[in-house]
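Student: I would like to learn how to read a structure feature by feature, moving from single residues to the chain as a whole. Could we take one case at a time?

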Amino acid sequence: MPETPTACLVLADGTIFYGKGFGATGICVAELCFNTAMTGYQEIMTDPSYAGQVVTFTFPHIGNTGVTSEDDETTDPVAAGMVVKWDPTEPSNWRAQAELTDWLARRGRVGMGGVDTRRLTRAIRAQGAPHVAMEHNPEGKFDLEALIAKARGFNGLEGLDLAKEVTCAQSYQWDETRWAWPDGFGKRTEKGHKVVAVDYGAKRDILRCLASAGCDVTVLPATATAEEVLAHEPDGVFLSNGPGDPAATGEYAVPMIKEVLEADVPVFGICLGHQMLALALGAKTIKMNHGHHGANHPVKDHTTGKVEITSMNHGFTVDAQSLPSGVSETHVSLFDGSNCGIALDGKPVFSVQYHPEASPGPQDSYYLFERFAAAMAERALEKA
């Protein structure tokens, strides 16, 4: 704790945490979550699934590898802010292009250090993801009553459609493949399976995995209609990750997905895309107490019996009890038993709640992209 705190975090219940501000100055109001990953803070901050959230990092060494443009999952940070235990230090990594503090300042994101993140994490687990207001003021002057009012005035993520805020403005082609030493990212040059990826907040590494698995990817905005999707004559349709309440996004996404399912093409969904597919098949989604956010979540694949170490980021989940007849639960969390995957019986239609592209295993879950590609290849043979 500095002699004069330059940042404070106020929970809606009136609890106040003081610390040292870094990054941009100002106030952000959001939902507070915690992430247990030991690496990947830049990817987390630029993951569109974190829109509307301040992230508390339980791992203390945040910022020590700096930032690099290659690790951005989108053009700009999407998470509202970050809370850490120790102030970010000067980076020590050969790939670093800038310091985390400067990167946050340039991109208008508030950071706060010197916080007992273990205590804060226990508060989140006990009361659920709280609504908060966080301010960075170099002069150390805070209107606490106003901040508490802002936190209490935040409506939360339930009923909130954030996919429209983070989706692409127009369609585009994607041909970049996964990073590999020593050349970095590659590019697809040969023809592959024609895939339409519906962007509810797609991470770049997901698109790279699709390209590496042999897909020619066309990305469409979240509001794309079934007619627009099928006009590309896709061999398969991918439903991306994204933020917000799946039921709210489902108002326009579910009708589209239902029509695509009638077209009998392979469908693969991740995270919000998983929840969208579940809703389209007749299941329900529910808000979790504090969600799953981390890179160490064990998930069991019922189809193979294997356990994968996965990366997760979701505050809503598919209610497994609501899955209709003909839809099977394929994956389950070994932390709390919540649903992590579904498949439509007898059809090449499946999805998972976690992020296989994040590779915490490191390659435990890449088979999902290969499974999607194999389903498209099999369907092509059937049509031939």
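Tutor: Let us begin with a single residue, keeping in mind that this is a predicted model. Ile16 lies in strand β2, and its relative accessible area of 28% makes Ile16 partly exposed, because that class covers the values between the 20% and 50% limits.

Student: Which residues is Ile16 in contact with, leaving aside its neighbours within four places in sequence?

Tutor: With those neighbours set aside, Ile16 is in contact with Leu9, Val10 and Leu144. A distance between C-alpha atoms can be read alongside such a list: Ile16 and Ile148 are 132 residues apart in sequence, while their C-alpha atoms are 9.0 Å apart in space.

Student: Where does Thr46 lie, and is Thr46 buried or exposed?

Tutor: Thr46 lies in the loop between α1 (41–45) and β4, and with a relative accessibility of 0% it counts as buried. Not counting residues up to four places away in sequence, Thr46 touches Asp71, Asp72, Glu73, Thr74, Asp76, Pro77, Val78 and Trp103.

Student: How should I read the charged side chains, and how many salt bridges does the structure hold?

Tutor: The general idea is that side chains of opposite charge can pair when their charged atoms come close. In this model there are 16 salt bridges. One of them joins the side chains of Asp87 and Lys20, with 3.7 Å from N to O. That pair links distant parts of the chain, since Asp87 is in the loop between β5 (81–83) and α2 (100–106) and Lys20 is in strand β2 (residues 16–23), 67 residues apart. As for accessibility, Asp87 counts as partly exposed at 33%, and Lys20 is partly exposed with a relative accessible area of 40%.

Student: Are the side chains of Lys141 and Glu139, which meet in a salt bridge, buried or exposed?

Tutor: Lys141 is exposed, with a relative accessible area of 58%, and Glu139 is exposed, with a relative accessible area of 56%; the distance between their side chains in the salt bridge is 3.9 Å, N to O. Salt bridges can also share partners, and in this way Asp264, Lys347, Arg379 and Glu382 are joined into one network.

Student: What should I look for in the backbone angles?

Tutor: The background is that most residues other than glycine have a negative phi, and most peptide bonds are trans. Asp264 is found in the loop between α8 (246–262) and β12 (267–270), and it counts as partly exposed at 31% relative accessibility. Ser359, another residue that is not glycine, has a positive phi near 55 degrees; Ser359 lies in the loop between β17 and α10.

Student: Which peptide bonds are cis?

Tutor: Among them is the bond from Trp181 to Pro182, with omega near 0 degrees, and Pro182 lies in the loop between β8 (172–174) and β9 (193–199). The bond from Gly361 to Pro362 is cis too, with omega near 10 degrees, and Pro362 has its place in the loop between β17 (349–352) and α10 (367–383).

Student: How many helices and strands are there in the chain, and how can its overall form be read?

Tutor: The chain has ten helices and 17 strands. Its radius of gyration is 21 Å, close to the 21 Å that the globule rule gives for 384 residues, so the chain is as compact as a globular protein of that length. Buried residues make up 56% of the 384 residues, and of the contacts with a separation of 6 or more, 74% come from residues 24 or more positions apart.

Terms used:
Residues numbered from 1 in each chain as written. Predicted model: local features only at pLDDT ≥ 70, side-chain atom pairs only at ≥ 80, totals over all residues. Heavy atoms only, no water. Helix = DSSP H or I, 4+ residues; strand = E, 2+ residues; numbered from the N terminus. Rg over C-alpha atoms; globule rule 2.2 N^0.38 Å. Buried < 20%, exposed > 50% of the residue type's maximum accessible area, 1.4 Å probe, protein only. Contact = heavy atoms within 4.5 Å. Salt bridge = Lys/Arg side-chain N within 4 Å of Asp/Glu carboxyl O.
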